[in-house]
Amino acid sequence: MSTAPSVARAYDTLRTKILQRLLDMRATLDPSLGRIDEANARAQIGAVLDHIGNFIATGDLGLHRAFLHTFLAMRAAEAQDPAAVLAMLIAIGDTAAQVAQEEGAGTTEGAELTLLLTRVTASTARAVNDLIAEEMERRMAQWSELSKRERTGMDPS
Amino acid sequence: MTVPVPGIRVAGDTNVGKVRTTNEDSMIVDSLRGLYVVLDGMGGANAGDVASQTARDAIRDFVVQRRQTMEPKALLEAAIQHGSASVYKAAQASRERHGMGTTVVGCLVIDAKRAVVAHVGDSRAYLLRNGRIQTLTRDHTIVEELVDRGLLSPDEAERHPYKNVLSRNLGAKPEARVDVVEVEIKPGDRLLLCSDGLYGYASAEAIQYLLGSGDEPQHVARDLIDLALRGGGGDNVTTIVIEAPQVAPSSTQVVRTSGAIAWWQRRDRFLHVAKERGLTRNPICRGLAPEEALDLIARSLCQAIFHDLEKSTGVNVWTFAQTVAGGWFERSGEWAPLRGLMDILAMSARTVVDEIRMADPALGFLLDVAVSRALVVAELAIGGLLAERLRQIDGNLIQLHTAMQETIDVDGAGEEALEALDSGAQFLDRPTVPFLRPDRPVSNPGVSAELIAGIEKTLTVARARTAQRAELVKQILTALEQIATDSSGNFASAVLAAREIYGVRPVDDTGVMPLFDALDQARIITAASVHQVTMPDAMRAKVLRAISGAHQRLVGATTGLVLEAVAPYSERLKEAQQQTAELRDRVAKAEHKRADLERKYASTIDQSSPWDKRGNTEW
């Protein structure tokens, strides 16, 4: 999904405004983002926005997935529920699209960027669900293995 | 004179909030006369609601009686004056209601292009134009007046302990000083009137976002209240949204009307594409006739998207996704077929939207964004179910693992490892004396002799107000004096004071929390004491700023000490976790060994033991 450089540039121009909007709204976007201080929130949201910029510029789904995998793992280490992480990523994407729509009202570039950001959000949601499902299947396999070990270990026959 | 303005849309809502038991807010939504008012009552013993209702009735009656004879600006101002006189009179008539009052913000719509806004107190009016909000009112608070006079910066005002203390209200005197402005209205503008229960618990950005959402005014008024409740709902909250007539329909309205219709007209095409892409062959549809599968799955989603487009919500798509995915997971279905099904539906939707775009690019673009969002909602619903399932599996795993651990008999080597763990002191029990570098520079505006005198007087009053037993609070007040009057320009005085106060204490709720409670009490006592010392307002503001800065440095230094005290234990916790993991491996090996031995010697066990077959002793 690599895209025209002009749209990628338009996103870069808007990045600061998007970040500011997200920082102002972070408490209503996500309770865990609302609890942390501005510097940490800036770092977390900034990382997602940077990655969206890269994804828009390169269209590399593999990199997109790898970033989301790391992001989910980091949030899991902070005891965040994957559903909450998904909601947060969608809220960031939606806000970015909203800012693009407001700022680029009436221009072709603004419309293109709005649509692109909405589709990036859709790809993100799809990829996050795939990652959660993969993790779930890994743990189910782990559970089956443990159950098997328990049965063989406890049964003298 | 005012007349009803055609095309104008207004809605108001109010809520008691999550903390209060009485709603002391009142409002007027009178579209016939174009009169819209929010009032926020105050005063104990149930007088706040009486004050706001008395003013409300007086303002409404005045406008009804005089609107034919007075100019709008003078009419609204006089009506509010009349409201103030009525509240004052009611307060004087009853001792219990003495001192009651109310704030007010009112709007009188003159015609489609003009309105008058008047206010007293801290209830606000906002104007939304081209997606941006601006405040039309300036709060009548003591702090805001200090900002006006250049004695406080807006940032300092935001953090000021007295930011909510009003300098004007209705009812304190028979006459009120009313601020009145005439506002030019443009097509699509929105005005918001609200009590402080909204903006005190919701950010300006969030208010702007909802007000500019394009939703119906009644939805916006309600959503704003929900926003304040989600933000804590610490006060009564009231909102009135007034929308000027639109010239051209907004994009949201286009999607709701033409977009939704264009989508629904192509429902058969959507079903056809879904069938072509193999929806009926998906394992989730197994056991269903093809037409039945198309009807149950594809048509349901198509209908859900249509209803969500029509109402600008996501609830129908959400319900659809939850029903399909929840049903599949309950049948222990795997992820791949569900992913396949969702992909088929998403691609079918995109095909239909692309065709609409070919015919009408503008409408197709809006529909593309809206349908993409609908698909995101579906993924969000499925994500919730997946996460729920993941939690269940985690729970099962922990249960199974615990059950296995309970059956393991720890051998000598394991005990040794356990002892190694036990020999470490319980890290919460140990008192600590941490260290913090004191040479971090801080900005210091300089301390004049007059300021030092003001700080000393304030803290002397504060100490006198502190309970005799509250030694820690007194110690903090003394430290604040040292820090606030220190002109060295570094963090040293704060660190030294923090270290002295911290002393030797365990890093737990009984050691650290009383310290932070005392810091908070010291802040409250100081903020109250500064007003008991006679000094010019400008100096009072400086004193408060100096003590507040000192308090922040002291809290910062104390927090640093706690972090340093905890750091070594964090390292030890990591070591302990590693040891535990090793121990678990050894225990598992021992368990296998024991099981092997049991199997090997099962046939040679002496049957003449003193237990019967059920395991009961005969002794």
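How many helices and how many strands does chain A have? In this predicted model, chain A has seven helices and zero strands. Read from the N terminus, its elements therefore run α-α-α-α-α-α-α. Of the 157 residues in chain A, 41% are buried. Contacts between residues at least 6 apart in sequence are 71% made up of pairs at least 24 apart in chain A.

Chain B, with 619 residues, has 38% of them buried. Its elements comprise 19 helices and twelve strands. For contacts in chain B with a separation of 6 or more, residues 24 or more positions apart account for 73%.

The two chains meet through 39 residues of chain B and 39 residues of chain A. On the side of chain B that touches chain A, at least two residues each come from α6 (204-211), α7 (217-230), α12 (335-359), α13 (361-406) and α19 (537-601). The most is given by α13(B), with 23 residues. Sorted by class, this side of chain B holds 19 nonpolar, nine polar and eleven charged residues.

One of these helices, α19(B), also packs within its own chain. The axis of α18(B), residues 513-529, comes within 11 Å of the axis of α19(B), and the two cross at roughly 175°. Because an angle over 145 degrees counts as roughly antiparallel, α18(B) is roughly antiparallel to α19(B). From α18(B), the contact uses Leu515(B), Leu519(B), Arg523(B) and Thr526(B); from α19(B), it uses Ile547(B), His551(B), Leu554(B), Val555(B) and Thr558(B). By class, five residues of this contact are nonpolar, three are polar and one is charged.

Helix α11(B) shows how burial is arranged around an axis. It covers residues 315-330, and its 16 residues should span 22 Å at 1.5 Å a residue; the end C-alpha atoms are 22 Å apart, which agrees. The buried residues in α11(B) include Asn316(B), Val317(B), Phe320(B), Ala321(B), Val324(B) and Ala325(B). They cover an arc of only 145° around the axis, so they lie on the same side of α11(B). The background is simple: an α-helix has 3.6 residues a turn, so residues three or four places apart point the same way. On the face turned away from the buried side, α11(B) carries the exposed residues Val315(B), Gly327(B) and Glu330(B).

After α11(B) comes Ser332(B), in the loop between α11 and α12 of chain B. Most residues other than glycine have a negative phi. Ser332(B) counts as exposed because it has 6 C-beta neighbours inside 10 Å, where the cut-off for exposed is 12 or fewer.

Is Arg190(B) buried or exposed? Arg190(B) counts as buried, because 20 C-beta neighbours lie inside 10 Å, and 20 or more is the cut-off. This residue belongs to strand β9 of chain B, which covers residues 190-194. Leaving aside residues up to four places away in sequence, Arg190(B) touches Leu128(B), Leu211(B), Val241(B), Ile242(B) and Glu243(B). Arg190(B) and Ala244(B) are 54 residues apart in sequence, yet their C-alpha atoms are 6.2 Å apart in space.

Key:
Residues numbered from 1 in each chain as written. Chains lettered and ligands numbered in written order. Predicted model: local features only at pLDDT ≥ 70, side-chain atom pairs only at ≥ 80, totals over all residues. Contact = placed C-beta atoms within 7 Å. Helix = DSSP H or I, 4+ residues; strand = E, 2+ residues; numbered from the N terminus. Nonpolar A, V, L, I, M, F, W, Y, C, P; charged D, E, K, R; others polar. Axes fitted to C-alpha atoms, helices over the stretch in contact; angles between N-to-C directions. Parallel < 35°, antiparallel > 145°, perpendicular 65-115°, else oblique. Expected span 1.5 Å × (residues − 1). Arc of directions from axis to C-beta.
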